[in-house]
Amino acid sequence: MMDQIPDVQWQAILQNDAAYDHQFYYAVKTTGIFCRPSCKSKPPNKDNVSVFRNADEALNAGYRPCKRCKPTGQRLPDAEWADQISRFIEENYQHSISLQMIADTCHGSPYHLHRIYKRVTGITPGEYVQRMRLEKAMESLRKSDIAISTIAGRVGMPNIPYFVTWFKKSTGFTPAAYRESYRNPLMEEV
């Protein structure tokens, strides 16, 4: 691994220059993925990039091969890719997330990513985002006195009326009623 990225290599990465393929590989610390210089993925932040002489060095450093450019010549197993996508969603559900953003980060086309993720997990990436948001909102409502508007913002839904409508449609309760049901559970009659 090289600590400093020479300008010629950085330019090859930015320009997706295939002439540098097999001369070096680059990995992105924030995604845990490594690529060929010609990879058409979104340009990484230079501070998050490490350069390797060969694919084995990148693999030994714990990076996974890109689904888009296949730097090892082999495909990443679909289940591993779905796990990577799930981890990205789990770490970012509180922000606005688009399928394109997930595809750019996880190195694949939006259509292919959507199709593979659904086949492996049984749900779409968008459904998983909503599931994560609902779980986190329910947990916050049960365990805290944080304002509902704050909880909505924390789970990536700053539009309060939409959050309340979505939550009720998903659970059958408004957020306030859901919270109240955990504070005053009905006692079973004996």
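This is a quick tour of the salt bridges in this model. Keep in mind that the model is predicted. Side chains of opposite charge can pair when their charged atoms come close. Here the count comes to four salt bridges.

Start with K46 and D7. Their closest N and O atoms are 3.9 Å apart. That makes a salt bridge, because the cut-off is within 4 Å. Where do K46 and D7 lie? K46 is in the loop between β2 (33-35) and β3 (49-52), and D7 is in helix α1 (residues 7-14). So the pair ties together parts that are 39 residues apart in sequence. Now accessibility. D7 is exposed, at 57% relative accessibility. K46 is partly exposed, at 33%.

Next, R119 and D78. This salt bridge has an N to O distance of 2.4 Å. R119 sits in helix α5 (residues 110-121), while D78 belongs to helix α3 (residues 78-92). The two are 41 residues apart, and the pair links distant parts of the chain. Is D78 buried or exposed? D78 is buried, with a relative accessible area of 12%. R119, by contrast, counts as exposed, at 54%.

Last, E139 and K143. N to O, that salt bridge spans 3.9 Å. Both residues lie in helix α6 (residues 125-143). They are four residues apart, about one turn of the helix. K143 is exposed, with 64% relative accessible area. E139 comes out as partly exposed, at 31%.

To recap: K46 with D7 ties a loop to helix α1, R119 with D78 links helix α5 to helix α3, and E139 with K143 stays within helix α6.

Methods. Residues numbered from 1 in each chain as written. Predicted model: local features only at pLDDT ≥ 70, side-chain atom pairs only at ≥ 80, totals over all residues. Heavy atoms only, no water. Salt bridge = Lys/Arg side-chain N within 4 Å of Asp/Glu carboxyl O. Buried < 20%, exposed > 50% of the residue type's maximum accessible area, 1.4 Å probe, protein only.
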